[in-house]
Amino acid sequence: MQAWTLAPAGAPCAQAALAALAAVIEAVGRAGFAQQALRAVNGALQAGSWAVYRVWPDRPPAMHLSASQGVADTTASCFAIYRDSGLYRRDCSFEAARGRQARGSSVMLRMHADEAPSADHRDAIYLRHGMLERLSVARTEADGSLLAVNLYRHQPQGRFSDAEVERFALLAEPLLAAVARHVDWAQQAPPAPLGSRQALLQRCPALTPRELDVLERLLQGMTYDGIAADIGLSLATVKTYRARAFERLDIHFKNELFALFVPDAAPATGAPLL
């Protein structure tokens, strides 16, 4: 297990780390944040998956978001095992973040599968799911919880290189701040419209599943880029499904869609929303 005290925020940043951070900040507050942010971080280093979760000393942990890129998405399964089997109670891998830093300060951590807190942890989480290594940034919050952003390398990616670790060290603290801001936003955001898929089908039974996927996400306020990332399609394909769906609904603009299904959200004046 390795642990670092992070450099002050004013330390110079490598170009790759700066570009990755800018893209993460751009995604804050968007519905497809988890996938978009992982893609952004992977501009500076290559992680197969990531998970952002909070652990407490006296109650089960909670996962805020996760995503994978280029590997099977096992993040939810791994976290369920971690929480439900009680592995979190014996997880000492974040002690450096708990013990060495003042509240609100960040610590970077690196752990290989062989350094997992216990054999059960190593076998159930890392070996079972083909994960080699975890690179994390964590801090203690005001409520006593520990908020951790965790990047994972999988077979056959190999371990993080020294250059990747160096770039993560430059990126880690502002990345954690951006993720914390998104988590706060997500917890305060109003819920998505209820029953939008059923309402769409009721109005136009000819809508295809993919057209419904796109329309639902538009009604949730997602951008076209966010929709593309969320459902794994190209931007051009998303816009094709949108155009077909709008034709079936006999509408031309997004504000007409909102007027049909979320009347209170439709803008009263201004240019049409494409």
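Me: How much space lies in the largest cavity?
Reply: This is a predicted model, and the figure is computed from its atoms. The count of cavities of 30 Å³ or more comes to one. The space in the largest cavity is about 150 Å³.

Me: Which residues lie nearest the centre of the largest cavity?
Reply: The lining of the largest cavity has 16 residues. By class, ten are nonpolar, five polar and one charged. Nearest the centre lie Y53, C78, F79, I125 and Y152.

Me: Which element gives the largest share of that cavity lining?
Reply: At least two lining residues each come from β2 (49–55), α3 (75–84), α5 (119–127), β5 and β6. The largest share is four residues. Those four come from α3.

Me: How many charged residues are in the lining of the second largest pocket?
Reply: The second largest pocket has a volume of about 200 Å³. It is lined by 13 residues, and W56, P57, Y88, D91 and R98 are the closest to its centre. Six residues of this lining are nonpolar and none are polar. The charged ones number seven.

Me: Which element gives the most to the largest nonpolar core?
Reply: The largest nonpolar core has 35 residues, and L45, W50 and F168 have the most contacts inside it. At least two residues each come from α1 (15–27), α2 (33–41), β2, β3 (62–68), β5, β6 and α6. One of these elements gives ten residues, the most of any. That element is α6.

Me: Which residues does L45 touch, not counting residues up to four places away in sequence?
Reply: L45 is one of the residues with the most contacts inside the largest nonpolar core. Leave out residues up to four places away in sequence. L45 then touches L135, L151, F160, E164, F168 and L171.

Me: Is R30 buried, partly exposed or exposed?
Reply: R30 forms a salt bridge with E26, with the closest N and O atoms 3.0 Å apart. The relative accessibility of R30 is 25%. Buried means under 20%, and exposed means over 50%. R30 therefore counts as partly exposed.

Me: How many residues apart in sequence are the parts that E133 and R159 tie together?
Reply: The side chains of E133 and R159 meet in a salt bridge, at 3.3 Å from N to O. E133 lies in strand β5 (residues 131–140), while R159 lies in the loop between β6 (146–154) and α6 (162–188). The pair therefore ties together parts whose separation in sequence is 26 residues.

Me: Which residue of that pair counts as buried?
Reply: R159 has 45% relative accessibility, so R159 counts as partly exposed. E133 has a value of 0%. The buried residue is therefore E133.

Me: What is the N to O distance in the salt bridge of E141 and R139?
Reply: E141 and R139 are both buried. Their side chains meet in a salt bridge. The N to O distance is 2.6 Å.

Me: Which elements do the buried residues of α8 pack against?
Reply: Helix α8 (residues 209–219) is mostly covered, with nine of its eleven residues buried. Among them are L212, L215 and L219. The buried residues of α8 pack against α7 (196–203), α9 (224–231), α10 (235–249) and α11 (254–261).

Me: Which residues is L212 in contact with, leaving aside its neighbours within four places in sequence?
Reply: L212 sits in helix α8. Its relative accessible area is 4%, so L212 is buried. The C-alpha atoms of L212 and Q198 are separated by 9.4 Å, and the two are 14 residues apart along the chain. Leaving aside the neighbours within four places, L212 is in contact with R197, L200, L201 and L207.

Me: What percentage of the residues of the protein count as buried?
Reply: The protein has eleven helices and six strands. Its residues number 274. The share that counts as buried is 46%.

Methods
Residues numbered from 1 in each chain as written. Predicted model: local features only at pLDDT ≥ 70, side-chain atom pairs only at ≥ 80, totals over all residues. Heavy atoms only, no water. 1 Å grid on protein atoms, 1.4 Å probe; cavity = no way out; pocket = protein on both sides within 12 Å on 5 of 7 lines; lining within 4 Å. Points joined across faces, edges and corners; volume = space filled by probe spheres on them. Nonpolar A, V, L, I, M, F, W, Y, C, P; charged D, E, K, R; others polar. Salt bridge = Lys/Arg side-chain N within 4 Å of Asp/Glu carboxyl O. Buried < 20%, exposed > 50% of the residue type's maximum accessible area, 1.4 Å probe, protein only. Contact = heavy atoms within 4.5 Å. Core = buried A, V, L, I, M, F, W, Y, C linked by side-chain atoms within 4.5 Å.
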